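Visitor: I have not seen this one before. Can you walk me through a few of its details?

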Amino acid sequence: MPFRIVLGDITKQNVDAIVNAANSSLLGGGGVDGAIHRAAGPRLLEECRGLNGCRTGEAKVTLGYDLPCKYVIHTVGPIWQGGRSGEENLLRLAYRNSLARAAEKECESVAFPLISAGVYGYPKESALKIAEEEIRHFLDDHEMEITLVIFSKDSFRMDMDLCSKLSHLLRNTYETDEKRGSFLGNVMKSIAFGGAAGSRDSVFTERKAKEKTRGKADAPAESRACETEIEELCDEAAAEEVHVRNFLAGQSAECMTSQPAFAASMMQMQPTSLEAALANLDESFSQSLLRLIDAKGMKDSECYKKANVDRKLFSKIRSDVHYRPSKQTVLAFAVALELDVAETEALLKKAGFALSHASKFDIIVEYFISNKQYDLYTINEALFAFDQNLLGA
Ligand code: ADP
């Protein structure tokens, strides 16, 4: 995945180079700088002494010593002074120069902290946006794996408005569906194992048992309130049960009417025709993807870059007609191709997946697709904020 955001400690990243948000003396300090010097050992400070400091926005390279990385790229971000002292430009330069040093050293992977977003006080949401914009711009014409390491969720800020919209959506879709699913599941079980009265009785017995364990069965007022609550629950259960029964009756009626047609089609399928059926597969994921790229008038590179998919992986997909992608990869391409929800579902189906409201990941991605918001970096920020896998591969 060319760009990813991870939660963690930059000194533990297995990459070619890590970037240090240093101060201009380059002689060590607090925050990420201190952590890097501690993990690299005293030889890092020795080498830094010979560098004669570093101006804000510039970047200098040392070895990584005891760190798992080969190089440390030291850069100095601006101190936030209210935004009118060229801070944005200096922060962009810090990223640009660090990436230029990484390219000069032929690094294939590099990890960044959120430069200036700690003691230097740069507003966290803007610091994240600038980091992403500079990284994305660099990736337009370079191949590298770039990781943005977020030390703690406190140091990560995304658009508050979007965040609250998504929280609301997840509460209303994911949690409601989940509760409804388990409630329906219980009603189904009661129908399967206990008949109509089962739900009412089992809810009642369960509640009574709970009351007993709490030792409150002899509290009359509370008990009355509890029974009213149970009555309400039972009515809800009964209504749900009628709904489920009607649904099941409809299903079996449908099944009965469609059975002759199904049997007829099975009859037509002679044993030898199974081979023929298998030889006549639908268009594969890989074929669909390539067709869609052409239909949208996109270049392959434009599409896989927009999808945050590595070039090598894309050539694999291109050359293997039966390539089985992950769900994140399929959705990344759906976003890059700006498909609508129905087209996304169709592409997912080609790889054996579907969108589900039992998955936070799916709900978040579907939200962006149905609102025609196809900025993959923003989607990944939201996925990261809600602890989900990111789009891309
Ligand atoms: P600056 O002086 O540039 O603001 P800081 O070190 O104070 O630098 O903070 C920069 C960012 O690095 C902050 O978001 C902080 O949370 C983060 N940070 C601190 N320690 C680590 C670490 N070990 N790994 C990754 N990020 C870190």
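Predicted model: local features only at pLDDT ≥ 70, side-chain atom pairs only at ≥ 80, totals over all residues.

Visitor: Fine. How many aromatic pairs are there in the whole structure?

Guide: A search of the whole structure finds 7 aromatic pairs. One of them is formed by F314 and F333, with 6.1 Å centre to centre and 50 degrees between the planes, which is a tilted arrangement.

Visitor: Where do F314 and F333 lie?

Guide: F314 belongs to helix 11 (residues 311-319) and F333 to helix 12 (residues 327-336), so the pair ties together parts that are 19 residues apart in sequence.

Visitor: Is F314 buried or exposed? And F333, buried or exposed?

Guide: F314 counts as buried because its relative accessibility is 3%, and buried means under 20%. F333 is buried too, at 0% relative accessibility.

Visitor: Which aromatic cluster do they belong to?

Guide: F314 and F333 form one aromatic cluster with Y304.

Visitor: What about Y367 and F368, what kind of pair do they form?

Guide: Y367 and F368 form an edge-to-face pair, with 85 degrees between the planes and 5.3 Å centre to centre. Y367 is buried with a relative accessible area of 14%, and F368 is buried at 1% relative accessibility.

Visitor: Let's change topic to charges. Which ring does the charged end of R136 sit over?

Guide: The charged end of R136 sits over the ring of Y377, 4.1 Å from the ring centre. Elsewhere, K153 lies over the face of F384, at 5.1 Å from the centre of that ring.

Visitor: Which helices hold R136 and Y377?

Guide: R136 is in helix 4 and Y377 is in helix 15. Helix 4 covers residues 124-140 and helix 15 covers residues 376-385.

Visitor: How do the axes of helix 4 and helix 15 cross?

Guide: The two axes come within 11 Å and cross at roughly 130 degrees. Helix 4 and helix 15 are therefore oblique to each other. Their crossing is right-handed.

Visitor: Which residues meet there?

Guide: From helix 4, the residues are L128, K129, E132, R136 and L139, and they meet Y377, T378 and E381 of helix 15.

Visitor: Why would residues a few places apart point the same way?

Guide: An α-helix has 3.6 residues a turn, so residues three or four places apart point the same way.

Visitor: Back to helix 15. How many of its residues are buried?

Guide: Helix 15 is mostly covered, with 9 of its 10 residues buried. Among them are L376, I379, N380, A382 and L383.

Visitor: Where does K372 lie, and what is its phi?

Guide: K372 lies in the loop between helix 14 (360-370) and helix 15. Its phi is positive, about 55 degrees, although K372 is not a glycine. K372 is exposed, with a relative accessible area of 55%.

Visitor: Last one, N52. Where is it found?

Guide: N52 is found in the loop between helix 2 (42-49) and strand 3 (59-63). The phi of N52 is near 55 degrees, a positive value in a residue other than glycine.

Visitor: Is N52 buried or exposed?

Guide: N52 counts as exposed because its relative accessibility is 73%, where exposed means over 50%.

Note on methods. Residues numbered from 1 in each chain as written. Heavy atoms only, no water. Phe/Tyr/Trp six-rings, centres within 6.5 Å; stacked < 30°, edge-to-face > 60°. Helix = DSSP H or I, 4+ residues; strand = E, 2+ residues; numbered from the N terminus. Buried < 20%, exposed > 50% of the residue type's maximum accessible area, 1.4 Å probe, protein only. Lys NZ or Arg CZ within 6 Å of the ring centre and 35° of its normal. Axes fitted to C-alpha atoms, helices over the stretch in contact; angles between N-to-C directions. Parallel < 35°, antiparallel > 145°, perpendicular 65-115°, else oblique. Left-handed = near helix turned anticlockwise from the far one by under 90°. Contact = heavy atoms within 4.5 Å.
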